[in-house]
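Please look over the structure shown here before reading the notes. They are arranged by topic for quick reference.

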Amino acid sequence: MKVFSGFAALLTAAVLAAPSVAQDYPERAVEFIVPWSPGGGSDTLMRLVSANIEPHLGVEMPIINMPGVGGTVGLREASRRTADGYTISQVHEGLLMATLIGLTELTWDSFEPIALMTASPQFLIAQPTENYANFEEFVEYAKAHPNELTMGVTLGGLPHLFAAMIEQAYDLQFKYVGYEGTGERVRAIVGGNLDVAIGDVASSIEFSKNGDLVFLAAGSGDRHPALPGVPTFREQGQDLLLTVTRGIVMPKGTPAAERDAMEAALQKLSQDATYVEQTNNVGSQVTFMGQDEYRSYLSNLNDTVKSLAAVIIQ
């Protein structure tokens, strides 16, 4: 009996002394693979996550940009990383599109969805020109010049889908030019190498203030507070809602303790006044969902995107 009691005491002491994964994690920096080029909407918004997460997570979260093939290069790397909690990445509707058109075999379910963080309305942006000063004039000009206006998109990606929806809604025909991310498209607009593109507030508003590009129409339900003078597509006679939602994922098989710890840190971040203000200032909204809700959201979103993908799959 004494032997058993002694063994039990030793076992209890060992359990109490054993390190707790949830308590110890994270012990070092968590790498954040952003699968898009610097300067775009995803990069801008994820850098805000990186810049503000340390007080809530306890460690730094350095950004690693890995653009290429519609965002799938970085996601491929993220999917191959050790599932130990020290790598995260970012997905949006673009991955769902890339999967459906066969650009990658990766799906949203190739990862562990952790949290939805932001929702960002998309805009039709344009190089300043004398040919059209507003959206109504743009439509008139585009109809009179089919296949002449160059439209910058991520070919086979979400911007391509959005542009095709605009084409279909207003009976237009664009000449598509492929760019890896929003940042590249905006730079092409500013450099005079592109007529129009799909952009967002985060990547474009400063150039707009400088007069280097113009916003023609908003994909939000109501006029965006940062751009109250820009009409919505709804105001232009078509019920188009063009929105990108961005969330955080971890490699498949990441233990629950690490996933829960990351989710908790991101939820705290979503309530951080500084982070919320910074996110709003670049034209996006903090829209938090935890693991279960985000997984359900992605499943339902996949069905929606699948129904729309036929617009660009020829």
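Predicted model: local features only at pLDDT ≥ 70, side-chain atom pairs only at ≥ 80, totals over all residues.

Residues are numbered from 1 along each chain as its sequence is written, and side-chain values use heavy atoms, with hydrogens and water left out.

**Sheet**

- Six strands make up an open, mixed sheet, and their order is 2-1-3-10-4-11. Strands are DSSP runs of E with at least two residues, helices are runs of H or I with at least four residues, and both are numbered from the N terminus. Two strands are taken to pair if DSSP finds at least two bridges between them.
- Strand 2 (63–65) and strand 11 (285–289) are the edge strands, each pairing on one side only.
- From one strand to the next, the twist averages 25°. Axes are lines fitted to C-alpha atoms, for helices over the stretch in contact, and angles run from 0 to 180 degrees between N-to-C directions.
- Strand 3 pairs with strand 10 (residues 243–251) in the antiparallel sense, over three bridges. Gln90 has Ile248 of strand 10 as its bridge partner.
- Helix 12 (residues 273–281) packs on the sheet and touches strand 4 and strand 11, with its direction at about 125° to that of strand 11. Contact means heavy atoms within 4.5 Å.
- Helix 13 (residues 291–308) also packs on the sheet, where it touches strand 3, strand 4, strand 10 and strand 11; its direction makes about 70° with that of strand 4.

**Nonpolar cores**

- The largest nonpolar core has 47 residues, and those touching the most other members are Leu124, Phe135, Phe138, Met151, Ile166, Tyr170 and Phe233. A nonpolar core is a set of buried Ala, Val, Leu, Ile, Met, Phe, Trp, Tyr and Cys residues joined through side-chain atoms within 4.5 Å. Buried means under 20% relative accessible area, exposed over 50%, and partly exposed in between (1.4 Å probe, protein chains only).
- Helix 8 (residues 158–170) gives the most to this core, contributing eight residues.
- Apart from neighbours within four places in sequence, the contacts of Met151 include Leu124, Ala163, Phe174, Tyr176, Leu194 and Ile198.
- A second, separate core has 27 residues, among them Phe32, Trp36, Ala115 and Val282.

**Salt bridges**

- Twelve salt bridges are found in a search of the whole structure. A salt bridge is a side-chain nitrogen of Lys or Arg within 4 Å of a carboxyl oxygen of Asp or Glu.
- Arg28 and Asp84 form a salt bridge through their side chains at 3.4 Å, N to O. This pair links distant parts of the chain, 56 residues apart: Arg28 is in the loop between helix 2 (21–24) and strand 1 (31–34), and Asp84 is in the loop between helix 5 (72–80) and strand 3 (87–91). Arg28 is partly exposed at 45% relative accessibility, as is Asp84 at 26%.
- Asp43 and Arg47 form a salt bridge whose closest N and O atoms are 2.9 Å apart. The two are separated by about one helical turn because they lie four residues apart in helix 3 (residues 41–52). Asp43 is buried at 4% relative accessibility, whereas Arg47 is partly exposed at 37%.
- Glu105 and Arg76 meet in a salt bridge at 2.1 Å, N to O. They are 29 residues apart, with Glu105 in the loop between helix 6 (93–100) and strand 4 (111–121) and Arg76 in helix 5. Glu105 is exposed at 58% relative accessibility, while Arg76 is partly exposed at 21%.

**Helix 10**

- In helix 10 (residues 201–209), the buried residues are Val201, Ser203, Ser204 and Ile205. Their cover includes helix 3, strand 5 (123–126), helix 9 (182–190), strand 8 (196–199) and strand 9 (214–218).
- Ser203 is buried at 5% relative accessibility. Leaving aside neighbours within four places in sequence, Ser203 is in contact with Gly39, Gly40, Gly41, Thr182 and Val186.
- The side chains of Ser203 and Asp200 make a polar contact at 2.6 Å. A polar contact is a pair of N or O atoms within 3.5 Å; within protein, one must be able to donate a hydrogen and the other to accept it, and residues adjacent in sequence count only if both atoms are side-chain atoms.
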